[in-house]
Amino acid sequence: MLIAHISDTHLGYRQYGLKEREEDFYKAFEQCIDKILDYGCDAVIHTGDLFEKNNPSNRARLFVKEQFKKLLENGIKIFIIPGNHDNPTSRYDPYPPHILYEVNVLSIKNFCFKFKDVLIFGLPYFPKVYKKNLKIYLKQIENINSKRKTYRSILMLHQIIDKYFPYEYELSVKDLPKGFDYYAMGHLHRNIIDHIDNSILCYPGSIETYRIDEANFDKGFYLVDLDSMNVKRINIKTRKFFVERIKIYTNEDMQKTVQRLIRIKPYVKDSIVHITLETSELSYRYVVDRISKLLNECFYLKIEKDILKETYRKKEQKVKGIKDMLKEFLYDLSEGDLNFVENLLRYLGSGDIEAAEKLVEDFYRNKFKKNV
Ligand SMILES: [Mn+2]
């Protein structure tokens with residue numbers, strides 16, 4: 001039996017607010033569906049984040065309907081769990097959009113389906129705060145699975161496991177219930193294939209570049225042969241991304257950047273170039289201008305300020321008013337001198353020259369007296 005495992009398709013997501021980027025995700029999904037048809041799969045399992053939101057646009061809903069129809073007409077069954085993006089968040093509207101289709105949606109009330117000689121288990125996404133509940137469900141699932149009479153079993157989850165992303169996770173490897181042939185995972189956008197005891201665990205990853213740190217990962221899905229337990233990676237073609245981190249403070253930095261960008265220039269047509277730029281406030285406009293002119297042929301150029309640098313800088317100087325600003329620049333002035341400069345600026349700013357002259361006279365008279 002041949003199963004296709006796909007995940008994190010995020011349909012309806014409009015990256016950079018571009019209609020074309022929304023279309024790119026549809027195109028990627030359609031490539032996957034067509035390949036699944038070509039390989040003659042028996043079933044498709046989708047491990048969450050089918051849609052970008054739990055209330056997707058009608059365009060996204062209709063698109064999925066058309067794509068699923070192709071599978072269903074060919075007798076391919078669909079099993080799906082809601083992910084963190086498309087799981088309902090309100091208990092007054094507890095239905096995920098998936099229920100609109102002729103698919104098997106696994107839920108906490110209905111976490112097990114029998115398909116031919118395979119038991120398919122799955123749970124919707126559980127946020128970290130509910131990981132205790134998740135573990136209780138997993139125990140229950142482990143119990144039921146241990147008494148199964150079917151040949152194979154699959155567990156579908158949309159969670160992060162510490163082994164693959166140790167910074168933020170809901171489950172440790174040891175929390176995974178034992179005894180499943182295939183662990184179908186979603187949520188991580190990187191593609192991973194791993195062996196746990198005698199089983200296989202896979203994260204197919206996203207089908208398009210959702211965030212720039214995913215730009216270099218292969219996009220696609222897994223084909224799982226449940227008879228031989230062979231897993232094959234199927235990749236699709238997606239729009240190319242160039243992700244650059246640029247730092248410009250000197251003329252030499254600028255020259256180096258220009259040379260680097262000239263090297264990628266012939267390949268940027270139809271691509272997205274995403275640049276994180278670190279430069280001084282004064283030269284920012286000039287640098288952005290030069291880069292934009294150089295890469296004017298790319299499909300979309302995104303230049304963003306180095307946010308880390310920005311927040312660091314903002315933390316450093318807590319400028320509140322004009323006096324604080326003066327303190328920043330004229331740091332060796334006394335409190336009295338600062339008051340003088342502040343008042344002078346105010347008089348000059350309002351055009352009251354007479355008051356300004358009087359202020360200067362008084363100031364120097366006082367200073368003179370003191371020094372004598
Ligand atoms: Mn996702």
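## Lys132, out in the open

Lys132 counts as exposed because it has 8 C-beta neighbours inside 10 Å. The scale works like this: 20 or more other C-beta atoms within 10 Å of a residue's own makes it buried, 12 or fewer makes it exposed, and in between it is partly exposed, with C-beta atoms placed from the backbone. Lys132 sits in helix 3 (residues 131-146). Helices here are DSSP runs of H or I with at least four residues, strands are E runs of at least two, and both are numbered from the N terminus.

This is a predicted model, where local features need pLDDT of at least 70, side-chain atom pairs count only at pLDDT 80 or more, and totals for chains, interfaces and linings use all residues. Residues are numbered from 1 along each chain as its sequence is written.

What about strand 8 (residues 182-186)? Here 5 of its 5 residues are buried. Tyr182, Ala184 and Gly186 point one way, while Tyr183 and Met185 point the other way.

Strand 8 has parallel partners: strand 7 (residues 152-158) joins it through 5 bridges, and strand 10 (residues 199-203) through 3 bridges. Strands count as paired if DSSP finds at least two bridges between them. Met185 is the bridge partner of Leu157, and Leu201 that of Tyr183.

Ala184 is also among the residues with the most contacts inside the largest nonpolar core, which has 62 residues. Such a core is a set of buried Ala, Val, Leu, Ile, Met, Phe, Trp, Tyr and Cys residues joined through C-beta atoms within 7 Å. Helix 1 (residues 19-38) gives the most to this core, with 6 residues. Leaving aside neighbours within four places in sequence, Ala184 is in contact (C-beta atoms, placed from the backbone, within 7 Å) with residues including His5, Ile45 and Cys202.

A second, separate core of 9 residues includes Val268, Val287, Leu295 and Cys298. Val287 is 51 Å from Lys132, C-alpha to C-alpha, and 155 residues away in sequence.

There's also an open sheet of 3 strands, in the order 13-14-15, with parallel pairing. Which strands stand at the edges? Strand 13 (241-248) and strand 15 (300-305) do, each with a single partner strand, so one side of each has no neighbour in the sheet. Strand 14 (residues 272-279) pairs with strand 15 over 6 bridges, and Leu277 stands opposite Lys305 of strand 15.

Conventions: Two residues are in contact if their C-beta atoms, placed from the backbone, lie within 7 Å.
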